[in-house]
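Trainee: Could we go through this one together? I'd like to start with the strands and then move on to the side chains.

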Amino acid sequence: ANVGGMWAIVPRENTLIGRAIVCALSHRFGAGAAYYRIGAGSEVKDVDTVPFFCCHRTLFERIGGFNEKLVRSQDLEFNKRVAKAGGRILLLPSVTIRYYARSDLRSFVSHSWRNGLWAVLPVFYSSVMPVSVRHLTPLAFVLSLTGAAALSVFSAVGWSFAIALVSSYMLVNLAASARIAHEKRDFRLFLAMPVVFAGLHLAYGLGSLCGMLKGLFDATLRPAAHSGGRGESEVSS
């Protein structure tokens, strides 16, 4: 029903932070199981979403157009409806799309926060579950940190949990950063990657937390069927 290709992620500026951001967006620790970012081998693969996809016009006639209530994640929500209708979504490794990632930390973190916000808000505008587990993992991380911090005020157990959580995250972060630095033969990436990874995960998770709170307490948001038609299609997957 729907096909798309691989992202070849390149920095807008060839700086250390620019290269580190590219590495984060194309690594499993940063992008989860988004195969169009991290690679899927040489075989055509069934996936949950693809960027800048190609389909027959009849698909829009059958399941509706983009959800115009969404500022972002239109592609994710649309592909969830494709899957719900029984359609297959295929990633074609032979197709390459060059994506120019942001190259300064401030705009990268800001963009990650907005992506996190619109990883949760679509739930309140769609008739399907519009995102996958990988999009909600940063939210779970931030909620765990918040819960551990709150418990640590009243209990030593909470303090121990907070230390264990942060320590575990940093170990995985440093391990992923060291592997990237080794693969790229650039030790400086070992210093930059932990900051970029943490900025990505925390900003995305805090954005998702904001989206969750807005959805729960903003009376103007109501779960509703999508509004078909053409919409702005900035990929936030």
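Trainee: Which residue in S3 is the bridge partner of tryptophan 7?

Mentor: The bridge partner of tryptophan 7 in S3 is isoleucine 97. Before going on, keep in mind that this is a predicted model, in which local features need pLDDT of at least 70 and side-chain atom pairs count only at pLDDT 80 or more, while totals for chains, interfaces and linings use all residues. Residues are numbered from 1 along each chain as its sequence is written, and side-chain values use heavy atoms, with hydrogens and water left out.

Trainee: OK, and in what sense do S1 and S3 pair?

Mentor: S1 and S3, the latter covering residues 89–101, pair in the parallel sense over 10 bridges. Strands here are DSSP runs of E with at least two residues, helices are runs of H or I with at least four, and both are numbered from the N terminus; two strands pair if DSSP finds at least two bridges between them.

Trainee: What's the order of the strands in the sheet?

Mentor: The order is S1-S3-S2, in an open sheet of 3 strands with mixed pairing. The edge strands, each pairing on one side only, are S1 (2–11) and S2 (45–46).

Trainee: Back to tryptophan 7: which ring does it pair with, and how?

Mentor: Tryptophan 7 forms an edge-to-face aromatic pair with tyrosine 36, at 5.1 Å centre to centre and with 85° between the planes. Rings of Phe, Tyr and Trp (its six-membered ring) pair if their centres lie within 6.5 Å, and planes under 30 degrees apart count as stacked, over 60 as edge-to-face and the rest as tilted. Tryptophan 7 lies in strand S1 and tyrosine 36 in helix H3 (residues 35–38), so the pair ties together parts that are 29 residues apart in sequence.

Trainee: Are those two buried or exposed?

Mentor: Tryptophan 7 is buried at 6% relative accessibility, and tyrosine 36 is buried at 2%. The cut-offs are under 20% relative accessible area for buried, over 50% for exposed and partly exposed in between, with a 1.4 Å probe and protein chains only. Trp7 and Tyr36 also belong to one aromatic cluster with Phe52 and Tyr99.

Trainee: How many aromatic pairs does the structure hold?

Mentor: The structure holds 13 aromatic pairs.

Trainee: Let's switch to charges. How many salt bridges are there?

Mentor: The count comes to 6 salt bridges, where a salt bridge is a side-chain nitrogen of Lys or Arg within 4 Å of a carboxyl oxygen of Asp or Glu. One of them joins the side chains of aspartate 186 and arginine 19, at 3.9 Å from N to O. Aspartate 186 lies in the loop between helix H8 (156–184) and helix H9 (188–217), and arginine 19 in helix H1 (residues 16–25), so the pair ties together parts that are 167 residues apart in sequence.

Trainee: And how accessible are aspartate 186 and arginine 19?

Mentor: Aspartate 186 is buried, with a relative accessible area of 14%, whereas arginine 19 is partly exposed at 24%.

Trainee: What about glutamate 77, what does it form a salt bridge with?

Mentor: Glutamate 77 forms a salt bridge with arginine 81, and the closest N and O atoms are 2.9 Å apart. Both lie in helix H5 (residues 74–84), 4 residues apart, which is about one turn of the helix. Glutamate 77 is buried at 0% relative accessibility, and arginine 81 is buried at 6%.

Trainee: How far apart are the closest N and O atoms of glutamate 183 and arginine 179?

Mentor: For glutamate 183 and arginine 179 the closest N and O atoms are 3.2 Å apart, in a salt bridge, and both residues lie in helix H8, 4 residues apart. Glutamate 183 is partly exposed at 48%, while arginine 179 is exposed at 57%.

Trainee: Last topic: which residues have the most contacts inside the largest nonpolar core?

Mentor: Those are Ile9, Phe78, Ala101, Met193 and Phe197, in a core of 39 residues. A nonpolar core is a set of buried Ala, Val, Leu, Ile, Met, Phe, Trp, Tyr and Cys residues joined through side-chain atoms within 4.5 Å.

Trainee: Where does the largest share of this core come from?

Mentor: The largest share, 7 residues, comes from H9.
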